[in-house]
Amino acid sequence: MTTTTETTLTTQVYRVYIKATPEAIWDAITKPEWTEKYGYGGRVEFDLRPGGAYRAFASEAMKKAGAEMGFPTPDVIVDGEVIEADPPRKLVQTWRMNMDQEMAAEGFTRLTYEIVEGKEGVTKLTVVHELEGAPQLALLVSGGKESEGAGGGWSWVLSDLKTLLETGTSMDWQVALNQG
Amino acid sequence: MWSRILRTVTDDDRVFKALADPTRRFLLDLLFVRDSRTLTELESELEMTRFGVMKHLRVLEEAGLVVTHRSGREKLHFLNPVPIRLIHDRWIDKYTERRVSALAELKHELEEEMA
């Protein structure tokens, strides 16, 4: 653990309340049939044990959007390693964005999902992203690159996740990206 | 269905009420510039008692606009943009053509779980 000043200036915290079970939220984060339905929409591969691999793949929509903007999209857009998996309560992993060379060079960041069941079927999901030494990625996940067509980061993803779990539908990826 | 609508209205109400105060907007602006601040740091920026600042922070926390997170011994305050995003997305969704989702089975599954 580094000192407070170093870690905190580069940590982002997001929270959303979702009317769904902790299990449903856990599945939505860790299962490909769910991850392709919200946010950036790629399928994930999780080996849910310490040291297990994590990969998020580019969706077809993402590849198409990349091609239209004139840059190639790698197959594995995010990779990392599972640090702790305690379904359906806590998931800690490393996370590296490979979409962009500069961000890939910033290396692995640390991501924590905390899922806490509340009253009346409402579950609290908190995402803590520790982004030390990754200023470009920090900008991306905070939604700072939305106007460049890079999506709205965590708040956008979590808003869409809530909508999907509560209503069964999510945003149209292309429509959402073109709104930037 | 009605309970969901009513609950949503309540969530939005909390956000709008939290925003309807200049001190609380100022606190959010401070956190927007740089978040992960302690109560003492935030207090130093305001001409107000510690108790007063705490009260405002509590309203912001209840609206979900501020989230506290512990780092070592310190309780740090973070700006949480998700509630504002939810309001934004709801309005945008209203006016954009949405794909017809074939996720009806998921809705049913989740509603059954809830029942």
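This is a predicted model: local features need pLDDT of at least 70, side-chain atom pairs count only at pLDDT 80 or more; totals for chains, interfaces and linings use all residues.
**Notebook: the sheet in chain A**

Residues are numbered from 1 along each chain as its sequence is written, while chains are lettered from A and ligands numbered from 1 in the order in which they are written.

I then looked up the strands around that pair: S2(A) and strand S3 (residues 53-57) of chain A run antiparallel and are joined by three bridges, where pairing requires that DSSP finds at least two bridges between two strands.

I traced the whole sheet next, which is open, has seven strands in the order S1-S7-S6-S5-S4-S3-S2 of chain A, and is paired antiparallel. Its edge strands, each pairing on one side only, are S1 (11-19) and S2 (44-46) of chain A. From one strand to the next the twist averages 20 degrees (axes are lines fitted to C-alpha atoms, for helices over the stretch in contact, and angles run from 0 to 180 degrees between N-to-C directions).

I turned to helix H2 (residues 22-30) of chain A, which packs on the sheet and touches S1, S2, strand S5 (90-97), strand S6 (109-117) and strand S7 (122-130) of chain A, contact being C-beta atoms, placed from the backbone, within 7 Å. The direction of H2 makes about 155 degrees with that of S6(A). Helix H7 (residues 153-167) of chain A lies across S1 and S7 of chain A, at about 10 degrees to S1(A).

Definitions and conventions:
Helices (H or I, at least four residues) and strands (E, at least two) are DSSP runs, numbered from the N terminus. Two residues are in contact if their C-beta atoms, placed from the backbone, lie within 7 Å.
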